[in-house]
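Subject: Structure for you to look at

Hello,

Here is the structure I promised to pass on. Please open it beside this note, and then read on for what turned up.

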Amino acid sequence: MRIARKETMTTAWPATIVIVSYNCREALQECLLKLTSEGDPPPITVIDNASTDGTGEMIARDFPDVQLIQNAKNRGFAAACNQGIRTRTSDFILLLNPDTLVNRVTLQKLIDTMRAQPNIGACGPRVLNTDGSLQPSCRRFPTLGAIAGDELGLGRLFPHTRFAKYRMSGWQHDKIRDVDQLMGSCLLLRRTMLEHIGLLDERFFLYFEEVDLCLRLRQTGWRAVFVAESTVTHLGGESTKTDPSNALGHRYRSLFAFYRKHYPAWQLPILRSFVQIAAFARVVGGQRNYWPIAKYAWKL
């Protein structure tokens, strides 16, 4: 690990932005331009997970006030986020994907929500696609029935039944409310909550680290809140586009790790069976990138 620069400026912002990047230089550059286009930006830390696309050089050249941590290897999302969190002392930490566009109004509304209600441990904004359409960013916790129905596509076939509850597809994301889990692409965390329950679980290399965090904070009396009036634009999947099959492997490996951690042992083999059946169906339907999941689900 190499910390290229320490923080070189003071700020009145009570929040630090932590961005984990892996081979998505252009998206990250656009993200940082948006964040720093107005005066007095919040402190920003970028943790680069051994990118080979010139990310470090771009930050050094174009964003001298951004703290850069360069890892010698890809440590995964959770571990890199924890690196960023530990380097700062601010009251709030915004975990932000590099393929997002956020302005200070969004961040301020999230901070105001947290300050007004001290029992909120995490909150997130309304997430939009680049065309302005809604990108659903809240889900219920992945119980066995919910995940089995989702893997088999029952929620899409029967959108007005209990099979669709996992993705909360009947809700328009148009009002503030408590939710089970929030998308980690733009997630504001309270430091005292993290001091209470611990940082992100580094066993999750990619995916489900925010689900685990939201479950732990709920179990200890904190709240996770969706803030509809705050918005962020999210491109989605920039770090995984070069190797989608590997990204799928990480997703299911993390899903199974989540089950091993939080649910009775008898549920895991049932879940693996549903995942494998659904993966085979997707392969037959033409989604060849699911073949490794269909073949190796029991080894993940």
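**Helix 4**

In helix 4, the buried residues are Thr106, Leu107, Leu110, Ile111, Thr113 and Met114. They share one side of helix 4, because the arc they cover around the axis is only 160 degrees. Keep in mind throughout that this is a predicted model.

An α-helix has 3.6 residues a turn, so residues three or four places apart point the same way.

What do the buried residues of helix 4 pack against? The partners are strand 2 (15-21), strand 5 (92-96), strand 7 (120-128), strand 11 (186-190) and strand 12 (223-234).

The length of helix 4 also checks out. It has 13 residues, 104-116, which should span 18 Å at 1.5 Å a residue. The C-alpha atoms at its ends are 18 Å apart, which agrees. Look at the start of helix 4 too. There, a side-chain oxygen of asparagine 103 comes to within 3.1 Å of the backbone nitrogen of valine 105.

**Helix 1**

Helix 1 (25-36) has 12 residues. From first C-alpha to last it reaches 16 Å, close to the 16 Å expected at 1.5 Å a residue. Its buried residues are Ala27, Leu28, Cys31, Leu32 and Leu35. Seen down the axis, these fall within an arc of 130 degrees, so they line one face of helix 1. They pack against strand 2, strand 3, helix 2 (55-62), strand 5 and strand 6.

**Cores**

Nonpolar side chains tend to be buried together in soluble globular proteins. Here, the largest nonpolar core has 31 residues. Those with the most contacts inside it are Ile19, Leu32, Leu35, Val46, Ile59, Leu96 and Leu188. There is also a second, separate core of 29 residues. Ala80, Ala122, Leu187 and Met193 are among its members.

Leucine 96 is worth a click. Setting aside neighbours within four places in sequence, leucine 96 is in contact with Ile17, Val18, Ile19, Val20, Cys31, Leu35, Val102, Ser185 and Cys186.

**Cysteines**

How many disulfides does the structure hold? The count is 0. Cysteine 24 is in no disulfide, and the nearest cysteine sulfur, that of cysteine 31, is 9.1 Å away. Cysteine 24 is buried, with a relative accessible area of 5%. Cysteine 214 is in no disulfide either. For cysteine 214, the nearest cysteine sulfur is that of cysteine 138, 9.2 Å away. Cysteine 214 is buried as well, at 0% relative accessibility.

**Two positive phi values**

Aspartate 40 is not a glycine, yet its phi is positive, at about 55 degrees. Aspartate 40 sits in the loop between helix 1 and strand 3 (44-48). Is this residue, aspartate 40, buried or partly exposed? Aspartate 40 is partly exposed, with a relative accessible area of 40%.

Histidine 173 also has a positive phi, near 55 degrees, and is a residue other than glycine. Its place is in the loop between helix 6 (154-157) and strand 9 (177-178). Histidine 173 is buried, with a relative accessible area of 0%.

- Aspartate 99 lies between strand 5 and strand 6 (100-101). At 5% relative accessibility it counts as buried, because the cut-off is under 20%. Its side chain is joined to that of histidine 234 by a polar contact of 3.3 Å.
- Asparagine 71 lies between strand 4 (67-70) and helix 3 (77-86). Asparagine 71 is buried, at 6% relative accessibility. Its side chain makes a polar contact of 2.8 Å with the side chain of glutamine 83.
- Serine 133 lies between strand 7 and strand 8 (138-139). Serine 133 is partly exposed, with a relative accessible area of 29%. Its side chain makes a polar contact with the side chain of aspartate 131, at 2.6 Å. Beyond neighbours within four places in sequence, serine 133 is in contact with Val127 and Leu128. The C-alpha atoms of serine 133 and isoleucine 293 are 31 Å apart, with 160 residues separating the two along the chain.

Best wishes

Note on methods
Residues are numbered from 1 along each chain as its sequence is written. This is a predicted model: local features need pLDDT of at least 70, side-chain atom pairs count only at pLDDT 80 or more; totals for chains, interfaces and linings use all residues. Side-chain values use heavy atoms; hydrogens and water are left out. Helices (H or I, at least four residues) and strands (E, at least two) are DSSP runs, numbered from the N terminus. The expected span of a helix is 1.5 Å times one less than its number of residues. Buried means under 20% relative accessible area, exposed over 50%, partly exposed in between (1.4 Å probe, protein chains only). The arc is that of the directions from the helix axis to the C-beta atoms. Contact means heavy atoms within 4.5 Å. A polar contact is a pair of N or O atoms within 3.5 Å; within protein, one must be able to donate a hydrogen and the other to accept it, and residues adjacent in sequence count only if both atoms are side-chain atoms. A disulfide is a pair of cysteine sulfur atoms within 2.5 Å. A nonpolar core is a set of buried Ala, Val, Leu, Ile, Met, Phe, Trp, Tyr and Cys residues joined through side-chain atoms within 4.5 Å.
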